[in-house]
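Please read it alongside the sequence and the coordinates shown here.

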Amino acid sequence: MPTSPDDTASLLASACPVLVVDDQAAMLKILRARFEEIGMADVTLASNPPEAVAALRRRPHALIVSDVEMSPVNGFEFLQFVRAQPSLARIPFILVTASLQFTHVSDARALNADGYLLKPFEAVALRRSPGG
């Protein structure tokens, strides 16, 4: 049983399943480690949006973090798909990218992304993001 607010936050964080989508295996490992640094140990990894959709069908997730630059389905297209599904539309969705293209930020806003982070980032940035 939690004995302090920090204990309660840790308990809740560890119980919130996170889905991370990136086509780079090394980045998947880094993102998993970043979530573990902030106490979120229940992390599902997917190397592309179709794998992510399969993971979402297997069980609910409390947060989706997706790379933008993927092929053949990119992060924006995956976000559009998620927002179009009534059962998934309310899941907080954070896009991550190494790209400095300004249009990416405006596209993310237009598609109702809950956050947008530039790689590399520290674990504290995930904690400050919606759903983190």
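In this predicted model, the count of salt bridges comes to 3. The points below take up these pairs, and then turn to a helix, to a strand with its pairing partners, and to selected individual residues.

**Salt bridges**

- E37 and R34 are joined through their side chains by a salt bridge, with an N to O distance of 3.1 Å. Both residues belong to helix α2, which spans residues 25-37; they are 3 residues apart, about one turn of the helix.
- A salt bridge also links the side chains of R59 and D42, at 2.6 Å from N to O. R59 is located in the loop between α3 and β3, and D42 in the loop between α2 and β2, so this pair ties together parts that are 17 residues apart in sequence.
- Both partners of that pair count as partly exposed: R59 has a relative accessibility of 32%, and D42 has one of 24%.
- R83 forms a salt bridge with D114, and the closest N and O atoms of this pair are 2.6 Å apart. Since R83 lies in helix α4 and D114 in the loop between α5 and β5 (115-118), the pair ties together parts that are 31 residues apart in sequence.
- D114 counts as partly exposed, at 32% relative accessibility.

**Helix α4**

- Helix α4 covers residues 75-84, and its buried residues are G75, F76, F78, L79 and V82. Viewed down the helix axis, these buried residues fall within an arc of 160 degrees, so they line one face of α4.
- The cover over the buried residues of α4 includes the strands β1 (18-21), β3 (63-67) and β4 (93-97). It also includes the helices α3 (49-58) and α5 (102-110).
- The N-terminal end of α4 is capped by N74, where a side-chain oxygen lies 2.9 Å from the backbone nitrogen of F76. F76 is also one of the buried residues of the helix.

- Strand β4 is mostly covered, with 5 of its 5 residues buried.
- In a regular strand, side chains alternate between the two faces of the sheet. Both faces of β4 are covered: F93, L95 and T97 are buried on one side, and I94 and V96 are buried on the other.
- β3 pairs with β4 in the parallel sense, over 4 bridges. Within this pairing, V65 stands opposite I94 in β4.
- The bridge partner of T97 in β5 is L118.
- A β-α-β crossover leads from β4 through α5 to β5, and this crossover is right-handed.

**Residue T44 in strand β2**

- T44 is placed in strand β2, which spans residues 43-46. With a relative accessible area of 17%, T44 is buried, because the cut-off for that class is under 20%.
- The T44 side chain makes a polar contact of 3.0 Å with the side chain of H61.
- Leaving aside neighbours within four places in sequence, T44 is in contact with V18, L19, V20, A55, R59 and H61. Among these contacts, R59 is also a partner in the salt bridge with D42.

- S87 is exposed, with a relative accessible area of 68%, whereas L88 counts as buried at 13% relative accessibility.
- The C-alpha atoms of S87 and R57 are separated by 10.0 Å, and the two residues are 30 residues apart along the chain.
- L88 and P60 are 28 residues apart along the chain, with their C-alpha atoms separated by 8.5 Å.
- Apart from neighbours within four places in sequence, L88 is in contact with L56, F81, V82 and R83. Of these, V82 is one of the buried residues of α4, and R83 takes part in the salt bridge with D114.

Definitions and conventions:
Residues numbered from 1 in each chain as written. Predicted model: local features only at pLDDT ≥ 70, side-chain atom pairs only at ≥ 80, totals over all residues. Heavy atoms only, no water. Buried < 20%, exposed > 50% of the residue type's maximum accessible area, 1.4 Å probe, protein only. Helix = DSSP H or I, 4+ residues; strand = E, 2+ residues; numbered from the N terminus. Arc of directions from axis to C-beta. Contact = heavy atoms within 4.5 Å. Polar contact = N/O pair within 3.5 Å; in protein donor to acceptor, adjacent residues only side chain to side chain. Salt bridge = Lys/Arg side-chain N within 4 Å of Asp/Glu carboxyl O. Pairing = 2+ DSSP bridges. Right-handed = clockwise from strand over helix to strand, strands pointing away.
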